[in-house]
Amino acid sequence: QVQLVESGGGLVQPGGSLRLSCAASGSAFRFKAMGWYRQAPGKQREWVARISSNGNTAYADSVKGRFTISRVNAKNTVYLQMNSLRPEDTAVYYCNEFPSRPYWGQGTQVTVSS
């Protein structure tokens, strides 16, 4: 089973930036499409961004133009650069394969508030 460890969350003011990291175990990482997901209080988990094994990316409309997903296969790591953060981006952020598999890391909390 793949293990996923997210980090980089925190408290940031509206308009600020954060960079999330996700370290994944397993030798097949480079062949997997990966995604970032988030779950806000009282809401279902939603997809945010994905990156294919060859680097093609896609984003949810709510984050397009503000978030950037990237990966470094040599480090088994996927990143999410988040700029122009808004209060509605507040959530626990998770990474997983895309489409997601039924195992999740602990996530990392992002809070956007003044």
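These legends go with a handful of close-up views of the structure above.

This is a predicted model, where local features need pLDDT of at least 70, side-chain atom pairs count only at pLDDT 80 or more, and totals for chains, interfaces and linings use all residues. Numbering starts from 1 along each chain as its sequence is written, and side-chain values use heavy atoms, with hydrogens and water left out.

**View A. R38, E46, R66 and D89 sit in a network of salt bridges.** Here a salt bridge is a side-chain nitrogen of Lys or Arg within 4 Å of a carboxyl oxygen of Asp or Glu. R38 is buried, at 6% relative accessible area, while E46 is partly exposed at 37% (buried is under 20% relative accessible area, exposed over 50%, partly exposed in between, with a 1.4 Å probe and protein chains only). Another link is R66 with D89, also listed at 2.7 Å, N to O. That pair ties together distant parts of the chain: R66 is in the loop between β6 (57–59) and β7 (67–72), D89 is in the loop between β8 (77–82) and β9 (91–97), and they are 23 residues apart. Strands here are DSSP runs of E with at least two residues, numbered from the N terminus. R66 counts as buried at 8% relative accessibility, and D89 is buried too, at 1%.

**View B. E97 and R101 meet in a salt bridge.** The N to O distance is 3.8 Å. E97 is buried at 11% relative accessible area, whereas R101 comes out partly exposed at 41%. For the whole structure, the tally is six salt bridges.

**View C. S52 has its place in the loop between β5 (46–51) and β6.** At 16% relative accessibility, S52 counts as buried. Its side chain makes a polar contact with the side chain of N54 at 2.4 Å. For a polar contact, take a pair of N or O atoms within 3.5 Å; within protein, one must be able to donate a hydrogen and the other to accept it, and residues adjacent in sequence count only if both atoms are side-chain atoms. Setting aside neighbours within four places in sequence, S52 is in contact (heavy atoms within 4.5 Å) with A33 and R71.

**View D. The largest nonpolar core has 29 residues.** Such a core is a set of buried Ala, Val, Leu, Ile, Met, Phe, Trp, Tyr and Cys residues joined through side-chain atoms within 4.5 Å. W36, V78, L80, M82 and Y93 touch the most other members. Two or more residues come from each of β3 (18–24), β4 (34–39), β5, β7, β8, β9 and β10 (108–112), with the largest share, four residues, from β3. Leaving out residues up to four places away in sequence, Y93 touches a list that includes W36, L80 and M82, as well as R38.

**View E. Four strands make an open sheet in the order β1-β3-β8-β7, with antiparallel pairing.** β1 (4–7) and β7 stand at the edges with a single partner strand each, so one side of each is left without a neighbour in the sheet. Two strands pair if DSSP finds at least two bridges between them. β7 and β8 pair in the antiparallel sense over six bridges, and I69 has L80 in β8 as its bridge partner.
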